[in-house]
Amino acid sequence: MLGALNTNKIQSFGKTGISSYPFTAEKLSYSFDSLEPSIDATTMELHYSKHYHGYIQNLNNAIKNSQYIGKDITYIIQHIDKDEYIIRNNGGGFLNHSFFWKCLTPREKLPSREFTKQINASFGSMNHFKAAFADAALNIFGSGWAWLIKDQNNKLSIATTSNQDNPQMKFMQQRGAPLLAIDVWEHAYYLRYNNRRIDYINSLWPIVNWDFVSSNFSTIRK
Ligand code: MN
């Protein structure tokens with residue numbers, strides 16, 4: 001059953017520092033080299049300073065003469081049509097990366113007891129969840145993202161999107177509120193891992209900010 005998504009509940013997700021036009025980069029709360037050895041400093045710097053900033057620049061150019069001026073990025077992502085390609089790709093690029101940076105941490109951050117309980121109920125165990133998530137991320141054809149979402153039936157689900165699509169876009173098959181996102185574009189891992197996407201994915205588990213993921217979970221439960 002595909003019920004209407006309660007956008008009020010997801011409105012608080014993926015919020016960024018400056019969330020309406022002109023959009024600006026979310027500040028990192030850690031240094032480029034602090035996610036070593038999982039993510040090398042050069043990859044982080046290029047990813048943040050070049051790729052991320054490119055999306056922001058293109059997004060601002062597209063928004064400045066559009067009906068979306070003054071609108072929050074989450075609102076824009078939830079309301080665009082699928083053929084609004086420039087905003088779909090660059091707005092998604094901005095929101096997805098702003099969210100992704102917060103999903104990572106150089107210092108171990110543990111999941112809440114409540115979130116762990118829900119993971120266990122939905123996937124059997126945290127290890128089962130990680131295996132299923134890694135498998136989904138590995139099998140995305142081409143560029144895209146793997147997500148843990150709270151879906152339209154209020155269940156935790158693993159979702160994947162292509163390019164810079166986001167599970168909050170209204171034309172997505174798997175829709176929901178993001179709790180965790182992993183970027184599997186080659187630019188996210190190729191320098192260190194070459195074609196070994198699975199090694200990159202598995203290297204991320206120790207640097208996932210489970211405290212952030214848990215707080216996303218508890219925010220939407222209300
Ligand atoms: Mn990226």
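These legends describe close-up views of a predicted model.

**View 1. Four residues coordinate the manganese ion.** The donors are His-47 (NE2), His-97 (NE2), Asp-183 (OD) and His-187 (NE2). Along the sequence, the donor residues follow the spacing H-x49-H-x85-D-x3-H. His-47 and Asp-183 tie together distant parts of the chain, 136 residues apart. His-47 belongs to helix 2 (residues 41-63), while Asp-183 belongs to strand 3 (residues 176-183). Both His-47 and Asp-183 are buried.

**View 2. Strand 1 pairs with strand 3.** Strand 1 covers residues 144-151. Its pairing with strand 3 is antiparallel and runs over seven bridges. Leu-148 has Leu-180 in strand 3 as its bridge partner. Strands of a sheet pair through backbone hydrogen bonds.

**View 3. Helix 5 crosses helix 6.** Helix 5 spans residues 113-123 and helix 6 spans residues 126-138. Their axes come within 8 Å and cross at roughly 65 degrees. Helix 5 is therefore roughly perpendicular to helix 6. The crossing is left-handed.

**View 4. Side by side, residues of helix 5 meet residues of helix 6.** Helix 5 contributes Phe-115, Ile-119, Asn-120 and Phe-123. In helix 6, they meet Met-126, His-128 and Phe-129.

Notes:
Residues numbered from 1 in each chain as written. Predicted model: local features only at pLDDT ≥ 70, side-chain atom pairs only at ≥ 80, totals over all residues. Heavy atoms only, no water. Donors = N, O, S within 2.8 Å, 3.2 Å for Na, K, Ca; no water. Helix = DSSP H or I, 4+ residues; strand = E, 2+ residues; numbered from the N terminus. Buried < 20%, exposed > 50% of the residue type's maximum accessible area, 1.4 Å probe, protein only. Pairing = 2+ DSSP bridges. Axes fitted to C-alpha atoms, helices over the stretch in contact; angles between N-to-C directions. Parallel < 35°, antiparallel > 145°, perpendicular 65-115°, else oblique. Left-handed = near helix turned anticlockwise from the far one by under 90°. Contact = heavy atoms within 4.5 Å.
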